[in-house]
Protein chains: 2
Amino acid sequence: MTKPASEADEPHSQVLRIPADQPLALESGLELGPLQIAYQTYGTLNPEKSNAVLICHALTGDQHVANEHPVTRKAGWWSNLIGPGKPVDTNRYFVICSNVLGGCMGTSGPANINPATGHAYGTEFPVITISDMVRAQARLVDHLGIERLLAVIGGSMGGMQVLAWASLFPDRVFAAMPIACAAKHSAQNIAFHEVGRQAVMADPDWRSGRYFEAGVRPVKGLSVARMGAHITYLSESALQRKFGRKFQDRTAPTFSFDADFQVESYLRYQGISFVERFDANSYLYLTRAMDYFDLAADNGGSLAAAFRGSKTRFCLVSFTSDWLFTTAESRQIVHALNANGASVSFVEIESDKGHDAFLLEEPVLYRTTQGFLDAAASACGVKA
Amino acid sequence: MTKPASEADEPHSQVLRIPADQPLALESGLELGPLQIAYQTYGTLNPEKSNAVLICHALTGDQHVANEHPVTRKAGWWSNLIGPGKPVDTNRYFVICSNVLGGCMGTSGPANINPATGHAYGTEFPVITISDMVRAQARLVDHLGIERLLAVIGGSMGGMQVLAWASLFPDRVFAAMPIACAAKHSAQNIAFHEVGRQAVMADPDWRSGRYFEAGVRPVKGLSVARMGAHITYLSESALQRKFGRKFQDRTAPTFSFDADFQVESYLRYQGISFVERFDANSYLYLTRAMDYFDLAADNGGSLAAAFRGSKTRFCLVSFTSDWLFTTAESRQIVHALNANGASVSFVEIESDKGHDAFLLEEPVLYRTTQGFLDAAASACGVKA
């Protein structure tokens with residue numbers, strides 16, 4: 001089994017290392033330093049530095065958005081959307097994607113060695129928020145010498161980061177595309193996250209978060225967490241269409257607890273393959289960051305206040321069968337933006353693929369992204 | 001902690017003990033014997049034996065439908081519906097409720113001592129189905145000398161039993177009331193069950209099902225399973241209304257993995273309290289029985305064939321916000337009954353309480369049940 005720990009400290013990516021005397025001030029009041037940010041870039045930054053597109057990844061994503069993944073050897077998670085000649089055309093745009101703060105693929109997180117102790121942070125890592133992730137990304141954007149991003153694009157937890165970028169740094173975001181997300185995490189979504197965390201923590205190999213020192217990993221607990229979460233990423237109709245009640249490699253029930261049904265076999269595979277590339281503590285930290293996300297609460301109870309005076313162009317996208325982040329939640333953001341007279345378009349895409357639709361073959365998403373981005377680029381004078 | 005094991009073998013209920021030479025033939029092809037069935041009755045069977053109402057309980061219910069629970073000391077789970085002067089009036093009806101086959105409250109199940117070995121069955125217990133549960137109940141009804149039940153009523157897994165009763169023993173069921181259920185378990189529901197089972201089995205204290213012999217119990221795994229399942233029993237709007245993003249005993253996030261949010265605290269309590277009264281192996285067996293339920297598949301692929309020539313009166317009930325067993329699934333049953341020209345009424349109750357609505361304060365359910373049952377009783381000449 002590939003150890004994510006090594007990717008955490010010595011990732012197959014470029015790494016920005018920020019020394020301890022320039023710590024990141026966290027929303028909790030704590031400071032984090034030294035700090036490292038692992039990132040990938042695609043395409044070339046133009047001399048005007050006006051063609052930079054920041055991609056924000058989701059809970060279980062990482063910076064390998066458009067290149068082969070160093071652990072799984074699979075294609076980048078958005079390689080259908082991003083690349084030469086793709087909707088986000090890397091012949092025209094300079095695309096940046098960094099691993100989020102709290103992640104396990106090279107940006108500082110619980111799987112990294114804590115230089116103060118010489119062992120992995122584990123639960124000594126400070127609890128972080130979506131805003132903290134964005135402030136870390138801003139350090140990277142500073143380092144790359146980019147004053148204003150042409151666009152920030154992301155889905156799910158990535159969409160939350162897009163919203164936080166637009167709220168925290170309105171002058172640095174020309175265009176923002178939050179996909180399949182919400183301005184706050186719902187009670188039901190917090191509940192699902194809590195079950196996943198309890199599954200991890202119930203695993204005796206979690207060892208209160210100090211599993212690396214014990215030479216073990218809570219693979220069973222993390223696998224259960226992933227299985228449960230995975231159901232929420234799909235729609236009932238997608239599950240019905242893909243699996244229904246079809247048996248796996250048999251024609252009748254075995255009257256046992258084997259994976260008789262294809263859907264069971266599929267879910268078990270999802271759990272097993274996930275633990276090979278993901279750190280259990282990172283899962284706890286990132287789900288927690290999503291739970292805490294509430295843009296209205298951060299702005300005196302008013303979502304509109306989060307975008308006051310914003311000049312950013314927005315394009316929101318939701319999917320009809322997404323029950324984790326519903327169209328209604330995207331509409332709330334649209335209303336808040338409308339209240340500010342902001343430039344906003346909203347596309348609800350008809351799909352039965354559930355929340356995962358944003359990662360899958362969805363031609364309307366491709367066209368929407370390309371149209372929105374190219375229009376923004378033209379407005380900024382980026383050469384075609 | 002109260003040990004369900006003792007309730008399994010020596011329950012606080014009446015017990016029908018069926019000797020080994022009269023085993024139950026199971027759908028798997030195996031036989032189970034000896035067999036015990038724990039049950040409660042309320043009211044008096046009339047001389048004509050025409051006023052018997054069988055209540056079928058759900059996954060985590062039991063026979064203590066209208067009396068104080070011997071373990072939790074709480075009121076019976078349907079004591080709002082059943083009792084003297086209640087919609088199911090025990091002054092008029094003789095109400096029977098037995099613990100299901102595979103349960104842990106006194107009917108034979110994995111927590112019972114296997115007389116062949118002297119230790120708890122554990123996973124040596126045969127995998128059972130909804131039909132097997134119903135055939136065991138039929139033994140009890142035989143024992144009570146009742147040829148025909150006035151009504152069989154149940155919700156969720158209890159509703160599946162009602163459907164199986166009407167299909168297997170059409171002449172023994174005058175009226176059937178399946179509530180918040182389906183004629184087959186959906187792919188999504190199988191998926192949620194599988195996550196729960198994996199959570200139990202991932203607990204090292206599960207010991208491949210032999211935990212009683214080791215003097216332990218997989219409480220953490222079962223608790224996680226219950227937490228996840230509990231989310232599916234509620235609706236998003238119920239969770240929003242009850243909890244939203246409200247904090248538990250604090251005014252701001254603690255930036256930790258404590259139960260900051262009320263919904264987390266609530267779920268943890270649901271998990272902890274469940275393991276005090278329920279057996280982990282029973283949870284595996286009963287979820288498996290639900291997964292296997294598919295009335296159409298049992299009848300050559302035709303749901304209509306499951307009710308061919310049925311003279312039973314049906315009343316189906318669904319709840320608008322129930323996403324575990326949707327109104328669409330109840331409608332499929334209605335259509336199959338209509339295809340047989342059966343007597344069927346269907347009530348979709350407006351509620352935001354989700355699947356759990358059938359157990360909660362729902363006046364429309366009370367009126368529907370009372371009206372349907374009293375009409376059936378009048379048709380059968382049961383004195384008011």
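Trainee: What makes the crossing of α4(A) and α6(B) left-handed or right-handed?
Mentor: A crossing is left-handed if the near helix is turned anticlockwise from the far one by less than a right angle, and right-handed if clockwise. The crossing of this pair is left-handed. Keep in mind that this is a predicted model, where local features need pLDDT of at least 70, side-chain atom pairs count only at pLDDT 80 or more, and totals for chains, interfaces and linings use all residues. Residues are numbered from 1 along each chain as its sequence is written, with chains lettered from A and ligands numbered from 1 in the order in which they are written.

Trainee: At what angle do α4 of chain A and α6 of chain B pack?
Mentor: Helix α4 (residues 187–202) of chain A and helix α6 (residues 219–233) of chain B pack at about 170 degrees, their axes 9 Å apart. Angles over 145 degrees count as roughly antiparallel, so α4(A) is roughly antiparallel to α6(B).

Trainee: Which residues of α4(A) meet α6(B)?
Mentor: Among them are Phe192(A) and Val195(A), while Val224(B) and Met227(B) are among those of α6(B); contact means C-beta atoms, placed from the backbone, within 7 Å.

Trainee: How do you know that the two copies are related as by a two-fold rotation axis?
Mentor: A rotation of 180 degrees with 0.0 Å of shift along its axis superposes chain A on chain B, with RMSD 0.0 Å. The copies are thus related as by a two-fold rotation axis. The superposition is by least squares on the C-alpha atoms of residues with pLDDT of at least 70 in both. Also, 100% of the contact residues of chain A recur in chain B.

Conventions: Axes fitted to C-alpha atoms, helices over the stretch in contact; angles between N-to-C directions. Helix = DSSP H or I, 4+ residues; strand = E, 2+ residues; numbered from the N terminus. Parallel < 35°, antiparallel > 145°, perpendicular 65-115°, else oblique. Contact = placed C-beta atoms within 7 Å.
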